[in-house]
Structure formats: C-alpha cells, structure tokens
Amino acid sequence: MGIEQIALDVYRIGMGYVSAYLIAQDEVTVIDTGLPKHREIILKAASQARRKREDVKHILLTHHHADHTGSVAELMAATNARAYIHPLDAAIIRGDKPAPGPNRDILAGRILGPLMVRITPKLQPIEALQETNDGDEVPAAGGMKAIHTAGHLSFLWPQNGGILFAGDAVSNVFRGPRPPVGALGGMFTEDMAQAKESFRKLAELEFEVACFGHGGPIKGKAHAAFRREVEKLAK
Ligand SMILES: [Zn+2]
Ligand SMILES: [Zn+2]
C-alpha cells in the first residue's frame, strides 16, 4: 500500500482499508482525504510528485463518511485548498444534520452497526465548502465532471482516456467492481435498489481507468469490467 502512481499524474494513497487519490499537475487535486490524522501521507504524495503543499488547491469529496472526509479539515488548514461536496453531504460536514447510521435492515448492520458507530470518529465541523451538483464541472485538474448518484458524488476526469473516481458508489474488494450491496458491503448503504441503479448510471460513462475508495484500481479497460457486472446484476 502506501503511495503508488497509477496513471500519468495520478497517485493512489493507501491508508489501510481505504484509499485517497491525488492528481499532480500545475495545481494539485486530492480526491477524498481518507481517515482522520492522515494529512501527512497526502502531503507526502504531493511532495513525491514534486509539488509543494501550497500547490494543493482542490479537494473533491465523494461523500460524508469519516473514512473519506477524515483529514479534510487538517488538509484545508495546511493548504488553503477548496473542498467540493454535494449539498446533502455538506449539511452533515457542517454539522447541520446528523450522519445516518448503519442500515439495520441487514444483519451486519444490526450486529456490527452499534460498534461501528462507536468507533467512527467524530469530526470537527467545516463551514467553507463548495457545493457541487450532478453535472457540474469542478474547476480542478483542467475540469472534472461530477456525477451524483444516491448519497454520493463520483468524478470523471477526461484525461488519460478517462479516469472514474468512484468513491464508494462502487468498490473493488471482491473479484471485480460491485455496488455496495450484500451481507457486509451494504452495511452503510441507505438504499440497496438505488445503489444498483447508481452502478448502472456510472457504467454508462466512458473511462479507461477506475479508482475506488475500497479495493485496488482497475488500470485498463475498466469500462468493460463495469459493463460485465451490469449484465450479471440484470440476471
Ligand atoms: Zn462510504
Ligand atoms: Zn468508504
């Protein structure tokens, strides 16, 4: 794990079970910030790409979960970067709305849910957020398209043949890209049917590489892997 270059200008920052990503061009763009207290490894990735912390200008957040927004406050304090997030998740990060708990309709949510809530870190609220909606072009890395699906933003970067940053809308932990549904994968999914619909929406996009919050990236023909999975879901 650690820091790995996965495409031209693109780095994966592994933090145990979750990954953040960094694009180093004239400006540096960070996609998700991983767990709390992980600012230093993000800045290390920037310096490995021969960029300074002042070059970090944009932080794109896929959703409110603490394993993705954990280090955003620390990173903003060190860099003056702007953070972009969907309005529904912005309300949670600002502290205006409580985060939804684990899904108690499934067994893992009922059994592990209370424990997960206890070990989930409480984050400091952040006021300054750039609210980002479906179809918006975020002015980062020459333009990144935001795609909103249930509870989530993914980002499509048109460079390098298209790179999809799927956050948790899709994971790649068990044999291929999957929506977050099922016995364990769905623990923090609020709506299973919508999660599958989200996956189908993302599979319609054109991209060569796909990056996930959980699981390794697909470095080529990623789009075909998504299409195969959509066919399996339909059966
Ligand atoms: Zn999540
Ligand atoms: Zn996650």
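**View 1. Buried residues of helix α3.** The buried residues of α3 are Val72, Ala73, Leu75, Met76, Ala78 and Thr79, where buried means under 20% relative accessible area with a 1.4 Å probe and protein chains only. Because six of the eight residues of this helix (residues 72–79) are buried, α3 is largely enclosed by the rest of the structure. Helices (H or I, at least four residues) and strands (E, at least two) are DSSP runs, numbered from the N terminus. The model is predicted: local features need pLDDT of at least 70 and side-chain atom pairs count only at pLDDT 80 or more, while totals for chains, interfaces and linings use all residues. Residues are numbered from 1 along each chain as its sequence is written, chains are lettered from A and ligands numbered from 1 in the order in which they are written, and side-chain values use heavy atoms, with hydrogens and water left out.

View 2. Just after α3, Asn80 adopts a positive phi of about 65°.

**View 3. Protein donors of the zinc ion (ligand 2).** Asp67 (OD), His68 (NE2), Asp168 (OD) and His214 (NE2) lie 2.1 to 2.6 Å from the zinc ion (ligand 2); donors are N, O and S atoms within 2.8 Å of the metal (3.2 Å for Na, K and Ca), and water is not among the atoms, so sites may look incomplete. Asp67 is buried, with a relative accessible area of 11%, and His68 is buried at 0%.

**View 4. The two zinc ions.** The zinc ion (ligand 2) and the zinc ion (ligand 1) are 3.2 Å apart, and Asp168 coordinates both.

Conventions: Buried < 20%, exposed > 50% of the residue type's maximum accessible area, 1.4 Å probe, protein only.
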